[in-house]
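Hi,

Here is the structure I promised to pass on.

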Amino acid sequence: MSGGRQRTLGGGGQHVLDYLKRMQAENPAFFYAVQSDSDHSSGNIFWADATARMNYNYFKDAVIFDTTYRTNRYRVPFASFIGINHHGQPVLFGCALILNESESSFIWLFQTWLQAMSGRYPVSITTDPDRLIQVAVAQVLPHTRHRFCKSTIFRETKEKLGGLYTSHSAFETEFKKCINESESIDGFESHWHSLLQRYYVMDNEWLQSMYNARQQWVPVYMRDTFFGDFAVNEGSGSLTLFFDGFVTEATTIQILLKQYEKAVVSWHEKELKADFDTTNTMPILKTPSPMEKQAANLYTRRMFKKFQEELVETLANPATKIDDTGTVATYRVAKFGEDHRAHAVNFNSSEAKASCSCQMFEYSGIICRHILAVFRAKNVLTLPSPYILKRWTRNAKSGAVLDERSSDSPSNSRESVTVRYNNLRQEAIKYVEEGAKSIHIYNVAMNALQEAAKKVASMKNQGSGAMHGSSLANGGSQEMHATEENQTAVFPSADEKEKKIHELSAELDSTNQRCEVYRANLLAVLRDMEEQKLKLSVKVQSARLSLKE
C-alpha cells in the first residue's frame, strides 16, 4: 500500500483555508499549518483545535493514525490522529488533508502534528502497513513504538490469498486464531509454521513478508507496550472510529468541515454522558472485596467493568506458589481445567509489586486476573497505586498540564496561549459540574463566575500599562533583555521609539484579542449555568406537583 499520489482540492482548498483562519481568529489555541503551495489547491493541510491539543496532554500514550481514505477510495484524502479517552471512547488529536502522498509529505505531517502537540512523543502509534508512513514515523518519532494495523493486514491477506480463502474456508479462522490467541512467542512460531505447512503456503511471498514484520503487528511481540486495544477492540474493526458515519466515500470537500464539526460535537456529548454516568451512578458490586469497592470509586464506569471482570475471574484462577527466593515468590496461575494455559506471576511481598507473563497491565493498563489471584492469596486487600493508571480513572483530566517550555522563547507564544486557554476552560467546567448539583451551590458558582468576568473586562480596559510586563515575559512576539549594550542607549532615537511603540501596540492588540476569547468562553459558561438553573427549576416544580398528587 505504499506509493505516492498527487491530488487537488481545486477551489475547495481556499474554502478550507478560510475556515481554518476563521477558527484561529475565534480561538488563538486553534492550530493549523499548510505545506508550501501557492494556491492551497494541492498542498497538505493539518489542523488541531484547542480541545484536541488539550486531550493529547491527558491521553497521549496511545495514538492511531487513520488513513482509511486510501484503501476505501474516499473522494477527499482526509486523515486523522486519534487517541482513546478514559471511557474507552475515541478522542481526536488532529486532522489532515493529504494531497501530496510522498515521503517528504508524511514527514512534514508528523513533524507538524508533533509541533502542535508541544513536542510530546506518544508511547505507541498504530498506522497502516505503508512504507512511506513507516519512514516518516521512524524519522520523526524514533522513540515511539510503531505498530501496523492488524485489521488492515487481515484484509490485505484475504485479498492476496483469495483463492486459498475460497477453497479452504477454515484457513481464515485458523489464521486469525494463530495471530490473536497465541500467548507466547514460541507458541506463535509453532502455530504459524504448522499452519503454513498444512495449507502448503510456506513459499508465499506475502505471508513471508508479514512474518518478517511480525514484531510490528502480532500482539504477542508487543505486549510490553501500552496500546489500550481492549478499549476499542481494534482487532475486529477499522480505525475510522472517530469519524465513522460522518465521513464516507461520498463526502465532498464542501461538506467535509460540517461533518467534521458534527463528529466533534457528537463525541463530546458522548463523553459528557459517560462522565455523568460515572459520577452519578454506582455499579453493582459482585464480591465483598474492599478492592472492588475501591476500584468502583476510582475508575470510570467502563474501565471498572473491565477490572471487575478480571477480579471475578480470580475465583476460577487459583494461585499456586512454585518458587520462593525470600523476597520474590513465583506463582503459577491457571483456570481450572486449563493447566496448559498457565501464567507465571512474580510477587515482591515487601513492596506489594507483581509482574505477570501475560503482560496485560503493560499492554492495556488494567491489572490482570493472574496478579489479582496472587493478591487475593497474599491478602492484599486494596489495589496498590502503581496498578492504578490515572488515564483510566474518573480523574484522568484533573490537574493543570503546563508546558514549561512554552515560556522559554517567543516562538512558543501560541503554545502558552493554548495552555492558558485550556486551563481556564477546565476550571470553568468544574464550576458548571458542581454548580448544577444544587441551587445553593449554583448561586455561589454563578457569583464567582460573574465576578471573574468583571475582572477580565477590567483587565482588558486597563490598557498597555497592565499588559506590558506580563505578556512579553510569557513568550510574546518580542524579547526584552537588559544587556549591557542596550543599557548604554539612554537616549533612544525617534525611529527606535516608533518601532517600540509599534511592537507594544501589536502586543496589546494580540492580548485584547485573547481577552475577548476568554470573556466569550466565560459568558458561554454562564449561559450554560442559566440553562441548568432553568432545568433544575422545572425538576423541582415537577417534584412538588407529584408530591401534591
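**What I found**

Let me start at one helix end: Ser289 caps the N-terminal end of α13, with a side-chain oxygen 3.1 Å from the backbone nitrogen of Met291. (I call it a polar contact when a pair of N or O atoms lies within 3.5 Å; within protein, one must be able to donate a hydrogen and the other to accept it, and residues adjacent in sequence count only if both atoms are side-chain atoms.) Helices here are DSSP runs of H or I with at least four residues, strands are runs of E with at least two, and both are numbered from the N terminus.

Before going further, please keep in mind that this is a predicted model: local features need pLDDT of at least 70 and side-chain atom pairs count only at pLDDT 80 or more, while totals for chains, interfaces and linings use all residues. Residues are numbered from 1 along each chain as its sequence is written, and side-chain values use heavy atoms, with hydrogens and water left out.

**Helix α13 and its surroundings**

α13 covers residues 290-298, and its buried residues are Met291, Glu292, Ala295 and Ala296. Seen down the axis of α13, these fall within an arc of 140°, so they line one face of the helix. The arc is taken from the directions from the helix axis to the C-beta atoms. Buried means under 20% relative accessible area, exposed means over 50%, and partly exposed is in between (1.4 Å probe, protein chains only).

What do the buried residues of α13 pack against? They sit against α14 (301-313) and α16 (369-377), where contact means heavy atoms within 4.5 Å. Met303 has its place in α14 and counts as buried at 0% relative accessibility. The C-alpha atoms of Met303 and Gly88 are separated by 7.6 Å, with the two residues 215 apart along the chain.

**The chain as a whole**

The protein chain has 21 helices and eleven strands. Of its 549 residues, 46% count as buried. Among contacts between residues at least 6 apart in sequence, 64% join residues at least 24 apart. The chain exposes about 27700 Å², and carbon and sulfur atoms supply 52% of that; the areas come from the Shrake-Rupley method with a 1.4 Å probe, and for residues only the protein chains shown count as cover.

**Strands**

Strands β6 (residues 124-127) and β7 (residues 145-148) run parallel and are joined by four bridges. (Two strands pair if DSSP finds at least two bridges between them.) Ile125 stands opposite His146 in β7. Together with helix α5 (residues 131-140), β6 and β7 make a right-handed β-α-β unit. Right-handed here means that, with the strands pointing away from the viewer, the path from the first strand over the helix to the second runs clockwise.

β8 (residues 319-324) and β9 (residues 328-333) run antiparallel, with five bridges between them. Asp324 has Ala329 in β9 as its bridge partner. The two strands form a hairpin with three residues between them, and Gly326 in the turn has a positive phi of about 110°.

**Some single residues**

Most residues other than glycine have a negative phi. Ala352 has a positive phi of about 55° although it is not a glycine; it is found in the loop between β10 (343-348) and β11 (353-356) and is partly exposed at 21% relative accessibility. Gln359 also has a positive phi of about 55° without being a glycine. Its place is the loop between β11 and α15, and at 27% relative accessibility Gln359 counts as partly exposed.

Ser364 lies in α15 (residues 360-364) and is buried, with a relative accessible area of 3%. Its side chain reaches the backbone nitrogen of Ile366 at 3.3 Å.

Trp192, in helix α9 (residues 185-198), is buried at 2% relative accessibility. Not counting residues up to four places away in sequence, Trp192 touches Phe175, Cys178, Ile179, Leu207 and Tyr211.

The side chain of Gln89 reaches the backbone oxygen of Lys270 at 3.3 Å. Leaving aside neighbours within four places in sequence, the contacts of Gln89 include Trp267, Glu271 and Ala274.

Cheers
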